[in-house]
Amino acid sequence: MTATEAEIIKILAEERNMRKGAERLFLTQPALSQRLQSIEKDWGIQLFLRSPKGLTPTPAGELVVQYAIETIARREEIFETIQALNSKIHGTLKIACASIVGQNWLPKVLKDFVTLYPDAKISLMTGWSSEIVKALYEGEAHVGIVRGQVDWKGTKIHLFRDMMYFVDKEITDLQEIQTTDRPFIQFKSDSNYYQEIQHWWQRHFNSNPRHQIIVDQIETCKQMAMNGIGYAILPSITLNGEEKVNKIPLTNSEKDLGLTRDTWLIGYDSSFELRQVAAFANVVQDHARCLYEYKK
């Protein structure tokens with residue numbers, strides 16, 4: 001199976017539709033139909049059932065689809081290995097990044113990276129830190145940028161530590177939390193982050209927040225707090241200093257230390273041997289060292 005044929009089978013399996021498949025492959029539908037018939041002739045069996053609802057892989061087709069996916073993945077691996085032998089930085093850099101870092105810090109890093117290495121390609125996915133680790137385990141990314149305490153046996157590089165802040169338009173002292181009716185705006189995150197906030201809250205207050213608002217994104221949480229709807233607890237990576245709100249650093253009264261959140265660069269040792277990954281790691285660490293406000 002040629003690389004082009006593998007790509008055709010893979011895209012048709014994903015789209016289950018000749019028109020959409022043709023658009024992704026930059027072919028006309030008749031041309032794509034002819035190519036599919038040729039591939040099926042080579043295999044000697046029908047790979048897809050056609051119906052008004054679209055395409056459905058036959059049992060034999062499912063085997064060929066899996067073969068096509070594996071062929072493409074293996075070709076990419078070999079291509080990356082070959083590119084690693086060259087003097088220039090080529091190949092695709094697959095990054096899985098915690099959403100909060102991807103929105104607030106990573107864009108500046110990637111701007112410098114693509115300026116320095118214009119021949120490299122970037123594939124980026126964002127999500128919770130637990131999803132980033134899963135992406136690495138499943139081979140969907142070369143490196144991950146995660147938050148908090150993460151159990152990782154491979155390469156693990158500390159990037160920076162940022163402070164957690166209580167932010168609100170009205171409250172100026174944490175003791176006011178116990179009497180206010182203002183809602184506590186929280187954003188969904190992985191259990192590690194949620195547990196840290198809960199532990200801090202339990203150490204400082206005897207009761208739960210009177211009112212709570214749960215949102216699905218940290219940026220939504222921030223904007224609601226900035227507009228005076230309620231108070232929130234946000235990491236300093238999301239705050240640029242221009243916000244017109246009261247900001248109170250969260251401290252651990254038992255140790256007189258600030259409540260912080262660490263950011264890490266992780267990946268398998270073999271991934272960091274790829275030239276594009278090693279170059280990215282250098283750029284990331286250069287940017288991390290410039291964050292003089294965040295001490296390790």
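Predicted model: local features only at pLDDT ≥ 70, side-chain atom pairs only at ≥ 80, totals over all residues.
Let me start with Phe26, whose place is in the loop between helix 2 and helix 3 (29-43), where helices (H or I, at least four residues) and strands (E, at least two) are DSSP runs numbered from the N terminus. Phe26 has a positive phi of about 60° although it is not a glycine, and with a relative accessible area of 77% this residue is exposed; exposed means over 50%, buried under 20% and partly exposed in between (1.4 Å probe, protein chains only).

Residues are numbered from 1 along each chain as its sequence is written, and side-chain values use heavy atoms, with hydrogens and water left out.

Arg16, in the loop between helix 1 (3-15) and helix 2 (18-25), also has a positive phi, of about 55°, without being a glycine, and at 39% relative accessibility Arg16 counts as partly exposed.

Now to strand 9 (residues 231-235), where five of five residues are buried. In a regular strand the side chains alternate between the two faces of the sheet. Here both faces are covered, with Tyr231, Ile233 and Pro235 buried on one side and Ala232 and Leu234 on the other. Strands pair if DSSP finds at least two bridges between them: strand 6 (residues 155-168) runs antiparallel to strand 9 and is joined to it by four bridges, with Tyr165 opposite Leu234, whereas strand 7 (residues 184-187) pairs with strand 9 in the parallel sense over two bridges, and Phe184 stands opposite Tyr231.

What, then, of the aromatic rings? A search of the whole structure finds twelve aromatic pairs, a pair being rings of Phe, Tyr and Trp (its six-membered ring) with centres within 6.5 Å, stacked if the planes are under 30 degrees apart, edge-to-face if over 60 and tilted for the rest. One of them is the tilted pair of Tyr137 and Trp152, 5.3 Å centre to centre with 40° between the planes; Tyr137 lies in helix 7 (residues 129-137) and Trp152 in the loop between strand 5 (143-147) and strand 6, so the pair ties together parts 15 residues apart in sequence. Trp152 is buried, with a relative accessible area of 7%, whereas Tyr137, at 53%, counts as exposed.

Finally, ring pairs link Phe166, Phe184, Trp200, Trp201, Phe205 and Tyr231 into a cluster.
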